[in-house]
Amino acid sequence: MAEKVLMKGNEAIGEAAIQAGCQCFFGYPITPQTEVAAYMSRRMPKIGRVFLQAESEVAAINMVYGAAGSGVRVMTSSSSPGVSLKQEGISYIAGAELPCVIINIVRGGPGLGGIQPAQSDYFQATKGGGHGDYRLVVYAPSSVQEMVDLIQDAFDVADIYRNPVMVMGDGMLGQMMEPVEFKEREAKQLPSKADWAATGLHGRKEHHVINSLFLQPEELEKHNEKLQKKYAEIEKNEVKYEMYNCDGDLDIVLVSYGTVSRICKNVIKMLAKEGLKVGLIRPITLWPFPKKAFEEVVDRTKYGFLSVELSCGQMVEDIELSVKGRKPVNFFGRSGGMVPSPTEIANKVKEIAGGAR
Amino acid sequence: MAVVFEPTKGLLDVPTHYCPGCTHGIIHRLVAESLEELGVIDKTIGVAPVGCSVLAYNYFACDMHEAAHGRAPAVATGIKRSLPDSVVFTYQGDGDLAAIGTAEIVHAAARGEKITTIFVNNCIYGMTGGQMAPTTLPGQVTETSPYGRDVKLQGHPIRVSEMLSTLDGAVYVERVSVDSVANVLKAKKAIKKAFELQIEGKGFTFVEVLSICPTNWGLSPRESIKWLQDNMIPYYPLGVKKDITQQEVK
(Lines give C-alpha, C1' and ligand atoms only; values in the text may rest on other atoms or scores of the structure.)
Protein backbone atom coordinates (compact mmCIF):
# COMPACT_ATOMS: atom_id res chain seq x y z
CA MET A 1 0.00 0.00 0.00
CA ALA A 2 1.47 3.31 -1.06
CA GLU A 3 1.37 6.18 1.44
CA LYS A 4 -0.77 9.26 1.11
CA VAL A 5 0.97 12.48 0.14
CA LEU A 6 -0.35 16.03 0.02
CA MET A 7 -0.07 17.24 -3.53
CA LYS A 8 -1.23 20.01 -5.80
CA GLY A 9 -3.58 18.70 -8.50
CA ASN A 10 -1.38 19.72 -11.40
CA GLU A 11 1.69 18.05 -9.91
CA ALA A 12 -0.30 14.92 -9.11
CA ILE A 13 -1.26 14.78 -12.81
CA GLY A 14 2.42 14.65 -13.72
CA GLU A 15 3.25 11.98 -11.16
CA ALA A 16 0.24 9.86 -12.17
CA ALA A 17 1.38 9.95 -15.79
CA ILE A 18 4.90 8.96 -14.81
CA GLN A 19 3.60 6.04 -12.76
CA ALA A 20 1.46 5.00 -15.74
CA GLY A 21 4.59 4.72 -17.86
CA CYS A 22 4.35 7.96 -19.81
CA GLN A 23 7.62 8.11 -21.78
CA CYS A 24 7.24 11.54 -23.36
CA PHE A 25 5.59 14.78 -22.31
CA PHE A 26 5.24 17.74 -24.66
CA GLY A 27 3.87 20.93 -23.15
CA TYR A 28 3.51 24.66 -23.40
CA PRO A 29 2.90 27.11 -20.55
CA ILE A 30 -0.65 28.33 -19.93
CA THR A 31 -2.44 29.20 -16.69
CA PRO A 32 -3.85 27.33 -14.77
CA GLN A 33 -2.02 24.13 -15.77
CA THR A 34 1.60 25.24 -16.07
CA GLU A 35 2.64 23.28 -12.96
CA VAL A 36 2.09 20.05 -14.93
CA ALA A 37 4.85 21.03 -17.35
CA ALA A 38 7.05 22.33 -14.53
CA TYR A 39 6.69 19.04 -12.64
CA MET A 40 7.45 17.00 -15.74
CA SER A 41 10.48 19.16 -16.54
CA ARG A 42 11.90 18.34 -13.10
CA ARG A 43 11.07 14.63 -13.02
CA MET A 44 11.26 13.26 -16.57
CA PRO A 45 14.99 13.84 -17.28
CA LYS A 46 15.89 12.26 -13.92
CA ILE A 47 14.29 8.97 -14.93
CA GLY A 48 15.57 8.96 -18.51
CA ARG A 49 12.31 10.07 -20.11
CA VAL A 50 11.45 12.96 -22.39
CA PHE A 51 10.20 16.39 -21.39
CA LEU A 52 10.09 18.99 -24.12
CA GLN A 53 8.64 22.49 -24.06
CA ALA A 54 7.24 23.05 -27.54
CA GLU A 55 7.07 26.36 -29.42
CA SER A 56 3.25 26.28 -29.32
CA GLU A 57 0.33 24.05 -28.41
CA VAL A 58 0.07 23.26 -32.12
CA ALA A 59 3.62 21.93 -32.15
CA ALA A 60 3.15 20.12 -28.82
CA ILE A 61 0.18 18.08 -30.06
CA ASN A 62 2.03 17.24 -33.28
CA MET A 63 4.97 16.02 -31.21
CA VAL A 64 2.44 13.87 -29.38
CA TYR A 65 1.28 12.54 -32.78
CA GLY A 66 4.87 11.64 -33.70
CA ALA A 67 5.58 9.96 -30.37
CA ALA A 68 2.26 8.10 -30.28
CA GLY A 69 2.90 6.83 -33.82
CA SER A 70 6.30 5.63 -32.59
CA GLY A 71 4.50 3.41 -30.08
CA VAL A 72 5.36 5.12 -26.79
CA ARG A 73 3.03 6.36 -24.06
CA VAL A 74 2.76 10.12 -24.42
CA MET A 75 0.84 12.98 -22.82
CA THR A 76 0.30 16.69 -23.29
CA SER A 77 -1.40 19.17 -21.04
CA SER A 78 -2.97 22.57 -21.55
CA SER A 79 -5.87 24.83 -20.67
CA SER A 80 -8.83 25.95 -22.76
CA PRO A 81 -7.32 28.41 -25.32
CA GLY A 82 -4.37 26.07 -25.70
CA VAL A 83 -6.62 23.06 -26.14
CA SER A 84 -8.42 24.94 -28.94
CA LEU A 85 -5.05 25.17 -30.70
CA LYS A 86 -4.52 21.44 -30.24
CA GLN A 87 -7.76 20.50 -31.99
CA GLU A 88 -6.17 20.11 -35.43
CA GLY A 89 -3.68 17.61 -34.05
CA ILE A 90 -6.31 15.80 -31.97
CA SER A 91 -8.38 15.23 -35.11
CA TYR A 92 -5.34 13.76 -36.90
CA ILE A 93 -4.51 11.57 -33.90
CA ALA A 94 -8.09 10.28 -33.79
CA GLY A 95 -8.06 9.74 -37.57
CA ALA A 96 -4.77 7.87 -37.48
CA GLU A 97 -6.01 5.90 -34.44
CA LEU A 98 -3.17 6.71 -32.09
CA PRO A 99 -3.28 6.39 -28.31
CA CYS A 100 -2.41 9.42 -26.18
CA VAL A 101 -3.60 11.34 -23.14
CA ILE A 102 -4.55 15.02 -23.26
CA ILE A 103 -5.12 17.02 -20.09
CA ASN A 104 -7.37 20.08 -20.14
CA ILE A 105 -7.43 22.14 -16.95
CA VAL A 106 -10.35 24.28 -17.99
CA ARG A 107 -10.55 28.05 -17.50
CA GLY A 108 -13.35 30.44 -18.41
CA GLY A 109 -13.94 31.39 -22.03
CA PRO A 110 -14.69 32.23 -24.79
CA GLY A 111 -11.62 33.83 -26.30
CA LEU A 112 -8.85 34.62 -23.89
CA GLY A 113 -11.58 34.47 -21.23
CA GLY A 114 -10.13 34.33 -17.75
CA ILE A 115 -7.89 32.12 -15.64
CA GLN A 116 -10.39 31.01 -13.02
CA PRO A 117 -12.02 27.55 -13.00
CA ALA A 118 -14.74 26.73 -15.50
CA GLN A 119 -16.34 23.81 -17.33
CA SER A 120 -17.07 25.68 -20.52
CA ASP A 121 -15.11 23.30 -22.78
CA TYR A 122 -17.76 20.57 -22.42
CA PHE A 123 -18.98 20.94 -26.01
CA GLN A 124 -15.45 21.07 -27.39
CA ALA A 125 -14.42 17.94 -25.50
CA THR A 126 -17.53 15.83 -26.03
CA LYS A 127 -18.89 16.92 -29.41
CA GLY A 128 -15.73 16.89 -31.49
CA GLY A 129 -13.61 20.01 -31.18
CA GLY A 130 -11.65 19.29 -34.33
CA HIS A 131 -12.95 18.37 -37.77
CA GLY A 132 -14.41 15.04 -38.82
CA ASP A 133 -16.44 12.17 -37.35
CA TYR A 134 -14.43 11.28 -34.28
CA ARG A 135 -14.79 10.91 -30.54
CA LEU A 136 -12.57 11.39 -27.51
CA VAL A 137 -13.04 9.48 -24.30
CA VAL A 138 -13.43 12.30 -21.77
CA TYR A 139 -12.87 11.75 -18.04
CA ALA A 140 -14.04 14.37 -15.55
CA PRO A 141 -12.55 13.74 -12.09
CA SER A 142 -13.91 15.52 -9.01
CA SER A 143 -10.91 15.16 -6.70
CA VAL A 144 -7.14 15.01 -6.99
CA GLN A 145 -7.26 11.33 -6.01
CA GLU A 146 -9.80 10.52 -8.69
CA MET A 147 -7.80 12.51 -11.24
CA VAL A 148 -4.71 10.42 -10.46
CA ASP A 149 -6.66 7.17 -10.78
CA LEU A 150 -8.33 8.25 -14.03
CA ILE A 151 -5.05 9.33 -15.64
CA GLN A 152 -3.75 5.85 -15.11
CA ASP A 153 -6.97 4.41 -16.58
CA ALA A 154 -6.71 6.91 -19.44
CA PHE A 155 -3.41 5.50 -20.67
CA ASP A 156 -4.83 1.97 -20.65
CA VAL A 157 -8.06 2.93 -22.40
CA ALA A 158 -6.09 4.90 -25.00
CA ASP A 159 -3.95 1.84 -25.72
CA ILE A 160 -6.87 -0.61 -25.78
CA TYR A 161 -8.89 1.40 -28.30
CA ARG A 162 -6.02 3.24 -30.06
CA ASN A 163 -7.81 6.51 -29.36
CA PRO A 164 -6.96 9.83 -27.74
CA VAL A 165 -8.33 10.20 -24.20
CA MET A 166 -8.91 13.55 -22.50
CA VAL A 167 -8.87 14.13 -18.76
CA MET A 168 -10.76 17.34 -18.11
CA GLY A 169 -10.45 19.07 -14.76
CA ASP A 170 -11.59 22.54 -13.90
CA GLY A 171 -8.97 25.05 -12.77
CA MET A 172 -9.82 24.33 -9.16
CA LEU A 173 -8.68 20.72 -9.42
CA GLY A 174 -5.38 21.76 -10.93
CA GLN A 175 -4.61 24.33 -8.29
CA MET A 176 -5.82 22.79 -5.03
CA MET A 177 -3.85 20.48 -2.75
CA GLU A 178 -5.36 17.24 -1.52
CA PRO A 179 -4.03 14.03 0.01
CA VAL A 180 -3.43 11.51 -2.73
CA GLU A 181 -2.26 7.93 -2.94
CA PHE A 182 -0.59 6.47 -6.01
CA LYS A 183 -2.00 2.97 -5.86
CA GLU A 184 -0.10 -0.01 -7.06
CA ARG A 185 -1.99 -1.32 -10.04
CA GLU A 186 -1.97 -4.77 -11.43
CA ALA A 187 -0.45 -4.91 -14.90
CA LYS A 188 -3.17 -5.01 -17.53
CA GLN A 189 -2.96 -7.19 -20.61
CA LEU A 190 -2.80 -4.59 -23.35
CA PRO A 191 -2.77 -5.06 -27.12
CA SER A 192 0.69 -5.03 -28.72
CA LYS A 193 1.66 -1.99 -30.78
CA ALA A 194 4.08 -3.98 -32.93
CA ASP A 195 1.60 -4.48 -35.78
CA TRP A 196 1.08 -0.77 -36.46
CA ALA A 197 3.68 1.49 -34.79
CA ALA A 198 6.20 3.17 -37.11
CA THR A 199 9.38 2.28 -35.27
CA GLY A 200 11.66 1.64 -38.25
CA LEU A 201 11.47 -1.65 -40.15
CA HIS A 202 14.16 -3.52 -38.18
CA GLY A 203 13.75 -6.52 -40.47
CA ARG A 204 9.96 -6.20 -40.89
CA LYS A 205 8.77 -6.73 -44.49
CA GLU A 206 5.86 -4.25 -44.78
CA HIS A 207 6.46 -0.62 -43.94
CA HIS A 208 4.13 0.96 -41.40
CA VAL A 209 2.45 4.24 -42.24
CA ILE A 210 0.83 6.50 -39.65
CA ASN A 211 -1.83 8.28 -41.61
CA SER A 212 -5.31 9.79 -41.64
CA LEU A 213 -5.54 10.46 -45.40
CA PHE A 214 -7.93 8.34 -47.48
CA LEU A 215 -8.41 9.95 -50.89
CA GLN A 216 -10.85 7.33 -52.18
CA PRO A 217 -14.33 8.07 -50.75
CA GLU A 218 -15.06 4.34 -50.44
CA GLU A 219 -11.94 3.88 -48.33
CA LEU A 220 -12.61 6.90 -46.12
CA GLU A 221 -16.19 5.77 -45.53
CA LYS A 222 -14.92 2.32 -44.59
CA HIS A 223 -12.40 3.89 -42.22
CA ASN A 224 -15.13 6.03 -40.65
CA GLU A 225 -17.35 2.99 -40.20
CA LYS A 226 -14.49 1.24 -38.44
CA LEU A 227 -14.10 4.23 -36.12
CA GLN A 228 -17.83 4.28 -35.39
CA LYS A 229 -17.74 0.60 -34.49
CA LYS A 230 -14.91 1.33 -32.08
CA TYR A 231 -16.86 4.21 -30.52
CA ALA A 232 -19.86 1.92 -30.08
CA GLU A 233 -17.60 -0.52 -28.19
CA ILE A 234 -16.36 2.33 -26.00
CA GLU A 235 -19.96 3.39 -25.27
CA LYS A 236 -20.72 -0.18 -24.27
CA ASN A 237 -17.67 -0.76 -22.06
CA GLU A 238 -16.26 2.46 -20.71
CA VAL A 239 -19.13 4.48 -19.22
CA LYS A 240 -18.34 5.63 -15.68
CA TYR A 241 -20.58 7.51 -13.27
CA GLU A 242 -21.47 7.86 -9.61
CA MET A 243 -24.99 7.89 -8.21
CA TYR A 244 -25.22 9.62 -4.85
CA ASN A 245 -28.26 9.52 -2.57
CA CYS A 246 -30.38 8.09 -5.38
CA ASP A 247 -32.34 5.40 -3.47
CA GLY A 248 -36.11 5.43 -3.13
CA ASP A 249 -38.44 8.23 -4.18
CA LEU A 250 -36.68 11.44 -5.13
CA ASP A 251 -37.82 15.04 -5.44
CA ILE A 252 -35.04 16.19 -7.73
CA VAL A 253 -31.85 14.70 -9.15
CA LEU A 254 -28.88 17.00 -9.65
CA VAL A 255 -26.54 16.27 -12.53
CA SER A 256 -23.06 17.60 -12.03
CA TYR A 257 -19.41 16.67 -12.60
CA GLY A 258 -15.98 17.83 -11.46
CA THR A 259 -15.52 19.99 -8.38
CA VAL A 260 -19.08 21.38 -8.62
CA SER A 261 -20.43 17.92 -7.91
CA ARG A 262 -18.76 18.17 -4.50
CA ILE A 263 -20.69 21.36 -3.77
CA CYS A 264 -23.84 19.51 -4.91
CA LYS A 265 -23.25 16.81 -2.30
CA ASN A 266 -23.28 19.50 0.39
CA VAL A 267 -26.48 20.90 -1.07
CA ILE A 268 -28.08 17.46 -0.85
CA LYS A 269 -27.21 17.23 2.86
CA MET A 270 -28.53 20.76 3.48
CA LEU A 271 -31.82 20.05 1.71
CA ALA A 272 -32.31 16.72 3.46
CA LYS A 273 -32.64 18.70 6.69
CA GLU A 274 -35.42 20.66 5.03
CA GLY A 275 -37.20 17.48 4.02
CA LEU A 276 -36.26 17.44 0.33
CA LYS A 277 -34.95 14.20 -1.10
CA VAL A 278 -32.33 15.13 -3.67
CA GLY A 279 -30.05 12.75 -5.54
CA LEU A 280 -26.98 13.29 -7.70
CA ILE A 281 -25.87 11.72 -10.95
CA ARG A 282 -22.19 12.48 -11.39
CA PRO A 283 -20.89 11.62 -14.87
CA ILE A 284 -17.24 10.51 -14.62
CA THR A 285 -17.05 9.96 -18.36
CA LEU A 286 -18.56 12.97 -20.15
CA TRP A 287 -18.23 10.94 -23.33
CA PRO A 288 -19.51 8.29 -23.35
CA PHE A 289 -22.30 10.04 -21.41
CA PRO A 290 -23.90 7.87 -18.68
CA LYS A 291 -27.38 7.66 -20.24
CA LYS A 292 -28.32 4.55 -18.33
CA ALA A 293 -27.94 6.32 -14.96
CA PHE A 294 -31.04 8.31 -15.89
CA GLU A 295 -33.06 5.16 -16.59
CA GLU A 296 -32.51 4.10 -13.00
CA VAL A 297 -34.12 7.23 -11.49
CA VAL A 298 -36.32 8.88 -14.09
CA ASP A 299 -39.56 7.22 -12.92
CA ARG A 300 -38.82 7.87 -9.24
CA THR A 301 -37.96 11.55 -9.59
CA LYS A 302 -40.90 13.86 -8.98
CA TYR A 303 -39.72 17.24 -10.27
CA GLY A 304 -37.09 16.12 -12.74
CA PHE A 305 -33.44 17.01 -13.11
CA LEU A 306 -31.18 19.98 -12.50
CA SER A 307 -27.91 20.37 -14.37
CA VAL A 308 -25.43 22.26 -12.22
CA GLU A 309 -22.43 23.51 -14.18
CA LEU A 310 -19.59 26.00 -14.33
CA SER A 311 -20.82 26.74 -17.84
CA CYS A 312 -23.95 28.04 -19.52
CA GLY A 313 -25.92 24.83 -19.94
CA GLN A 314 -23.61 22.85 -22.20
CA MET A 315 -24.50 19.54 -20.51
CA VAL A 316 -28.27 20.14 -20.65
CA GLU A 317 -28.84 18.64 -24.09
CA ASP A 318 -27.06 15.39 -23.18
CA ILE A 319 -29.31 15.14 -20.12
CA GLU A 320 -32.37 15.85 -22.26
CA LEU A 321 -31.35 13.12 -24.70
CA SER A 322 -31.10 10.72 -21.77
CA VAL A 323 -34.36 11.78 -20.09
CA LYS A 324 -36.18 11.79 -23.45
CA GLY A 325 -38.84 14.27 -22.38
CA ARG A 326 -40.14 12.11 -19.54
CA LYS A 327 -39.32 14.71 -16.85
CA PRO A 328 -38.31 18.38 -16.92
CA VAL A 329 -34.63 19.21 -17.21
CA ASN A 330 -33.59 22.44 -15.49
CA PHE A 331 -30.35 24.32 -15.42
CA PHE A 332 -28.32 26.29 -12.93
CA GLY A 333 -24.82 27.48 -13.72
CA ARG A 334 -22.23 30.11 -13.05
CA SER A 335 -19.56 30.99 -15.55
CA GLY A 336 -16.47 33.09 -16.17
CA GLY A 337 -14.71 31.61 -13.17
CA MET A 338 -17.56 32.17 -10.69
CA VAL A 339 -18.31 29.21 -8.43
CA PRO A 340 -21.82 28.82 -6.98
CA SER A 341 -22.38 28.67 -3.23
CA PRO A 342 -24.38 25.74 -1.81
CA THR A 343 -27.16 28.19 -0.89
CA GLU A 344 -27.51 29.42 -4.46
CA ILE A 345 -27.92 25.88 -5.74
CA ALA A 346 -30.26 24.97 -2.88
CA ASN A 347 -32.47 27.96 -3.66
CA LYS A 348 -32.74 26.85 -7.28
CA VAL A 349 -33.74 23.34 -6.15
CA LYS A 350 -36.40 24.78 -3.84
CA GLU A 351 -37.71 27.02 -6.60
CA ILE A 352 -38.17 23.98 -8.86
CA ALA A 353 -39.75 21.95 -6.08
CA GLY A 354 -42.27 24.72 -5.46
CA GLY A 355 -40.71 26.40 -2.44
CA ALA A 356 -39.68 25.03 0.93
CA ARG A 357 -42.13 22.63 2.48
CA MET B 1 26.33 -8.34 -68.15
CA ALA B 2 27.27 -5.61 -65.71
CA VAL B 3 24.49 -3.83 -63.90
CA VAL B 4 24.92 -0.10 -64.43
CA PHE B 5 21.72 1.14 -62.84
CA GLU B 6 19.01 -0.44 -60.72
CA PRO B 7 16.11 0.58 -58.51
CA THR B 8 17.01 1.77 -55.03
CA LYS B 9 15.82 -0.32 -52.09
CA GLY B 10 14.79 2.96 -50.44
CA LEU B 11 11.78 3.30 -52.73
CA LEU B 12 8.91 0.87 -53.19
CA ASP B 13 8.30 -0.48 -56.68
CA VAL B 14 5.09 1.49 -57.25
CA PRO B 15 4.04 4.17 -59.76
CA THR B 16 3.96 7.73 -58.41
CA HIS B 17 1.25 10.32 -59.01
CA TYR B 18 3.63 13.14 -59.95
CA CYS B 19 3.00 15.19 -63.12
CA PRO B 20 5.16 14.63 -66.20
CA GLY B 21 8.41 16.58 -65.87
CA CYS B 22 8.09 17.03 -62.10
CA THR B 23 11.40 16.73 -60.21
CA HIS B 24 9.95 15.17 -57.05
CA GLY B 25 10.82 11.77 -58.51
CA ILE B 26 14.51 12.69 -58.75
CA ILE B 27 14.56 14.09 -55.23
CA HIS B 28 12.78 11.03 -53.80
CA ARG B 29 15.40 8.89 -55.48
CA LEU B 30 18.30 10.94 -54.04
CA VAL B 31 16.90 10.61 -50.53
CA ALA B 32 16.27 6.89 -50.97
CA GLU B 33 19.73 6.22 -52.44
CA SER B 34 21.36 8.09 -49.57
CA LEU B 35 19.48 6.02 -46.98
CA GLU B 36 20.39 2.81 -48.82
CA GLU B 37 24.07 3.70 -49.16
CA LEU B 38 24.24 4.62 -45.48
CA GLY B 39 22.59 1.30 -44.61
CA VAL B 40 19.86 2.92 -42.51
CA ILE B 41 16.59 2.17 -44.36
CA ASP B 42 15.78 -0.29 -41.59
CA LYS B 43 15.88 2.34 -38.87
CA THR B 44 14.58 5.34 -40.77
CA ILE B 45 11.23 7.01 -40.23
CA GLY B 46 10.15 9.65 -42.74
CA VAL B 47 7.51 12.32 -42.36
CA ALA B 48 5.48 13.35 -45.41
CA PRO B 49 3.95 16.85 -45.67
CA VAL B 50 0.72 18.23 -47.09
CA GLY B 51 1.20 19.30 -50.69
CA CYS B 52 2.27 17.53 -53.86
CA SER B 53 4.41 15.06 -51.91
CA VAL B 54 1.61 14.21 -49.48
CA LEU B 55 1.63 10.63 -50.78
CA ALA B 56 5.40 10.23 -50.35
CA TYR B 57 4.55 7.73 -47.61
CA ASN B 58 3.39 5.37 -50.34
CA TYR B 59 6.74 5.58 -52.14
CA PHE B 60 9.46 5.42 -49.49
CA ALA B 61 10.23 1.91 -48.29
CA CYS B 62 10.95 2.93 -44.71
CA ASP B 63 8.30 3.50 -42.01
CA MET B 64 6.43 6.77 -42.57
CA HIS B 65 4.16 9.29 -40.87
CA GLU B 66 1.81 11.63 -42.70
CA ALA B 67 1.80 15.03 -40.95
CA ALA B 68 -0.67 17.91 -41.00
CA HIS B 69 0.19 20.93 -43.16
CA GLY B 70 3.44 22.46 -41.94
CA ARG B 71 3.72 20.28 -38.84
CA ALA B 72 6.24 17.72 -40.09
CA PRO B 73 9.17 19.08 -38.03
CA ALA B 74 7.09 18.83 -34.83
CA VAL B 75 5.98 15.29 -35.72
CA ALA B 76 9.60 14.40 -36.51
CA THR B 77 10.62 15.83 -33.14
CA GLY B 78 8.13 13.55 -31.38
CA ILE B 79 9.47 10.55 -33.30
CA LYS B 80 13.16 11.29 -32.78
CA ARG B 81 12.72 12.00 -29.07
CA SER B 82 10.82 8.72 -28.68
CA LEU B 83 13.25 6.66 -30.76
CA PRO B 84 16.61 8.45 -30.49
CA ASP B 85 18.48 5.70 -32.34
CA SER B 86 16.38 6.09 -35.47
CA VAL B 87 17.09 8.25 -38.52
CA VAL B 88 14.27 10.75 -39.04
CA PHE B 89 13.60 13.01 -41.99
CA THR B 90 10.88 15.37 -43.13
CA TYR B 91 10.14 15.95 -46.80
CA GLN B 92 8.34 19.27 -47.28
CA GLY B 93 7.39 21.72 -49.97
CA ASP B 94 7.65 25.50 -49.83
CA GLY B 95 3.99 26.15 -49.07
CA ASP B 96 4.06 23.62 -46.24
CA LEU B 97 7.41 24.60 -44.74
CA ALA B 98 7.79 28.32 -45.41
CA ALA B 99 4.23 29.54 -44.73
CA ILE B 100 2.00 27.53 -42.41
CA GLY B 101 4.92 25.58 -40.96
CA THR B 102 7.35 28.44 -40.32
CA ALA B 103 7.21 28.15 -36.54
CA GLU B 104 7.75 24.39 -36.58
CA ILE B 105 10.79 24.47 -38.90
CA VAL B 106 12.44 27.43 -37.15
CA HIS B 107 12.10 25.88 -33.72
CA ALA B 108 13.15 22.39 -34.79
CA ALA B 109 16.29 24.01 -36.22
CA ALA B 110 16.81 26.18 -33.14
CA ARG B 111 16.52 23.16 -30.85
CA GLY B 112 19.06 21.35 -32.98
CA GLU B 113 16.68 18.41 -33.41
CA LYS B 114 18.69 15.54 -34.82
CA ILE B 115 16.55 15.27 -37.92
CA THR B 116 17.06 16.04 -41.61
CA THR B 117 14.68 18.21 -43.59
CA ILE B 118 14.49 17.99 -47.36
CA PHE B 119 12.89 21.25 -48.48
CA VAL B 120 11.59 21.20 -52.06
CA ASN B 121 11.22 24.77 -53.31
CA ASN B 122 9.39 25.34 -56.59
CA CYS B 123 8.09 28.87 -55.84
CA ILE B 124 4.44 27.82 -55.90
CA TYR B 125 1.68 25.82 -54.19
CA GLY B 126 1.49 22.84 -56.53
CA MET B 127 -1.13 20.51 -55.05
CA THR B 128 -3.87 23.14 -54.81
CA GLY B 129 -3.28 24.31 -58.37
CA GLY B 130 -0.57 26.97 -58.47
CA GLN B 131 -1.17 29.70 -55.88
CA MET B 132 1.39 32.21 -54.61
CA ALA B 133 3.80 30.73 -52.06
CA PRO B 134 6.07 32.55 -49.61
CA THR B 135 8.85 31.67 -52.05
CA THR B 136 7.09 33.00 -55.18
CA LEU B 137 9.46 35.42 -56.93
CA PRO B 138 8.75 39.17 -57.33
CA GLY B 139 6.65 39.66 -60.44
CA GLN B 140 5.82 35.94 -60.74
CA VAL B 141 2.29 35.26 -61.97
CA THR B 142 0.34 32.63 -60.04
CA GLU B 143 -3.35 31.89 -59.55
CA THR B 144 -3.48 34.21 -56.51
CA SER B 145 -1.02 36.78 -57.86
CA PRO B 146 -2.55 37.13 -61.34
CA TYR B 147 -0.86 40.53 -61.91
CA GLY B 148 2.50 39.23 -60.76
CA ARG B 149 3.71 39.24 -57.15
CA ASP B 150 3.90 42.88 -56.10
CA VAL B 151 6.28 43.02 -53.16
CA LYS B 152 4.63 46.26 -51.96
CA LEU B 153 1.34 44.41 -51.55
CA GLN B 154 2.33 40.80 -51.07
CA GLY B 155 5.69 41.09 -49.44
CA HIS B 156 9.00 39.52 -50.29
CA PRO B 157 9.99 35.91 -50.85
CA ILE B 158 11.69 34.13 -47.93
CA ARG B 159 15.18 32.68 -48.39
CA VAL B 160 14.66 29.85 -45.90
CA SER B 161 18.17 28.38 -46.06
CA GLU B 162 19.80 31.71 -45.27
CA MET B 163 17.33 32.31 -42.44
CA LEU B 164 17.86 28.90 -40.83
CA SER B 165 21.65 29.11 -41.19
CA THR B 166 21.65 31.89 -38.59
CA LEU B 167 20.40 29.46 -35.93
CA ASP B 168 22.97 27.73 -33.72
CA GLY B 169 21.06 24.44 -33.70
CA ALA B 170 21.34 24.08 -37.48
CA VAL B 171 24.64 22.35 -38.25
CA TYR B 172 24.37 21.90 -41.98
CA VAL B 173 22.31 23.94 -44.44
CA GLU B 174 22.79 23.79 -48.18
CA ARG B 175 20.78 24.89 -51.20
CA VAL B 176 21.02 22.67 -54.26
CA SER B 177 19.15 22.30 -57.53
CA VAL B 178 18.11 19.41 -59.75
CA ASP B 179 18.19 21.35 -63.06
CA SER B 180 21.19 19.51 -64.55
CA VAL B 181 23.06 16.24 -64.15
CA ALA B 182 25.94 18.02 -62.46
CA ASN B 183 23.58 19.70 -59.99
CA VAL B 184 21.68 16.46 -59.35
CA LEU B 185 24.98 14.86 -58.34
CA LYS B 186 25.75 17.81 -56.06
CA ALA B 187 22.26 17.52 -54.57
CA LYS B 188 22.86 13.85 -53.84
CA LYS B 189 26.11 14.66 -52.08
CA ALA B 190 24.40 17.30 -49.94
CA ILE B 191 21.50 15.03 -48.99
CA LYS B 192 23.80 12.19 -48.06
CA LYS B 193 25.97 14.49 -45.98
CA ALA B 194 22.92 15.83 -44.17
CA PHE B 195 21.96 12.28 -43.17
CA GLU B 196 25.54 11.45 -42.19
CA LEU B 197 25.69 14.41 -39.83
CA GLN B 198 22.33 13.43 -38.34
CA ILE B 199 23.60 9.89 -37.76
CA GLU B 200 26.69 11.34 -36.06
CA GLY B 201 24.31 13.21 -33.73
CA LYS B 202 25.56 16.66 -34.71
CA GLY B 203 22.20 18.44 -34.89
CA PHE B 204 19.64 19.74 -37.35
CA THR B 205 20.46 19.35 -41.05
CA PHE B 206 18.63 20.97 -43.93
CA VAL B 207 18.84 20.68 -47.70
CA GLU B 208 16.80 23.02 -49.88
CA VAL B 209 16.28 21.65 -53.37
CA LEU B 210 15.23 24.07 -56.16
CA SER B 211 12.63 22.21 -58.16
CA ILE B 212 10.32 22.80 -61.11
CA CYS B 213 6.55 22.74 -61.53
CA PRO B 214 5.80 22.61 -65.28
CA THR B 215 2.07 22.08 -64.70
CA ASN B 216 1.48 25.17 -62.59
CA TRP B 217 4.15 27.34 -64.17
CA GLY B 218 2.43 26.67 -67.53
CA LEU B 219 5.73 25.74 -69.17
CA SER B 220 7.12 22.60 -70.74
CA PRO B 221 9.63 20.68 -68.61
CA ARG B 222 12.50 21.97 -70.78
CA GLU B 223 11.25 25.58 -70.48
CA SER B 224 10.78 25.05 -66.76
CA ILE B 225 14.42 24.05 -66.30
CA LYS B 226 15.45 27.24 -68.10
CA TRP B 227 13.06 29.31 -65.97
CA LEU B 228 14.61 27.83 -62.81
CA GLN B 229 18.10 28.65 -64.06
CA ASP B 230 17.24 32.17 -65.21
CA ASN B 231 14.98 33.23 -62.35
CA MET B 232 15.28 31.02 -59.28
CA ILE B 233 19.03 30.54 -58.99
CA PRO B 234 19.77 34.30 -59.09
CA TYR B 235 17.27 34.88 -56.25
CA TYR B 236 18.10 31.67 -54.37
CA PRO B 237 21.87 31.23 -54.78
CA LEU B 238 23.09 27.66 -54.58
CA GLY B 239 25.72 26.50 -52.13
CA VAL B 240 26.51 25.65 -48.54
CA LYS B 241 24.97 28.19 -46.18
CA LYS B 242 26.29 26.56 -43.07
CA ASP B 243 28.49 23.59 -42.27
CA ILE B 244 29.89 23.19 -38.78
CA THR B 245 32.28 20.49 -39.97
CA GLN B 246 33.96 23.08 -42.19
CA GLN B 247 33.98 25.64 -39.39
CA GLU B 248 35.67 23.07 -37.17
CA VAL B 249 38.41 22.67 -39.79
CA LYS B 250 38.98 26.43 -39.81
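A: The general idea rests on the angle between two axes: angles under 35 degrees count as roughly parallel, over 145 as roughly antiparallel, 65 to 115 as roughly perpendicular and the rest as oblique. In this predicted model, the axes of helix α9 (residues 259-273) and helix α12 (residues 342-352) of chain A cross at roughly 60° and come within 9 Å. The two helices α9(A) and α12(A) are therefore oblique to each other.

Q: Which hand does the crossing of α9(A) and α12(A) have?

A: The crossing of α9(A) and α12(A) is right-handed.

Q: Which residues of α9(A) and α12(A) meet?

A: From α9(A) come Ile263(A), Cys264(A), Val267(A), Met270(A) and Leu271(A); they meet Pro342(A), Thr343(A), Ile345(A), Ala346(A), Val349(A) and Lys350(A) of α12(A). Sorted by class, this contact of α9(A) with α12(A) has 9 nonpolar, 1 polar and 1 charged residues.

Q: Let us turn to a single residue. Is Arg300(A) buried, partly exposed or exposed?

A: Buried means under 20% relative accessible area, and exposed over 50%, with partly exposed in between. Arg300(A) has 28% relative accessibility, so it counts as partly exposed. Arg300(A) lies in the loop between α10 (291-297) and β14 (305-309) of chain A.

Q: What is Arg300(A) in contact with, leaving aside its neighbours within four places in sequence?

A: Arg300(A) is then in contact with Cys246(A), Asp247(A), Gly248(A), Asp249(A) and Leu250(A).

How values were computed: Residues numbered from 1 in each chain as written. Chains lettered and ligands numbered in written order. Predicted model: local features only at pLDDT ≥ 70, side-chain atom pairs only at ≥ 80, totals over all residues. Heavy atoms only, no water. Axes fitted to C-alpha atoms, helices over the stretch in contact; angles between N-to-C directions. Helix = DSSP H or I, 4+ residues; strand = E, 2+ residues; numbered from the N terminus. Left-handed = near helix turned anticlockwise from the far one by under 90°. Contact = heavy atoms within 4.5 Å. Nonpolar A, V, L, I, M, F, W, Y, C, P; charged D, E, K, R; others polar. Buried < 20%, exposed > 50% of the residue type's maximum accessible area, 1.4 Å probe, protein only.
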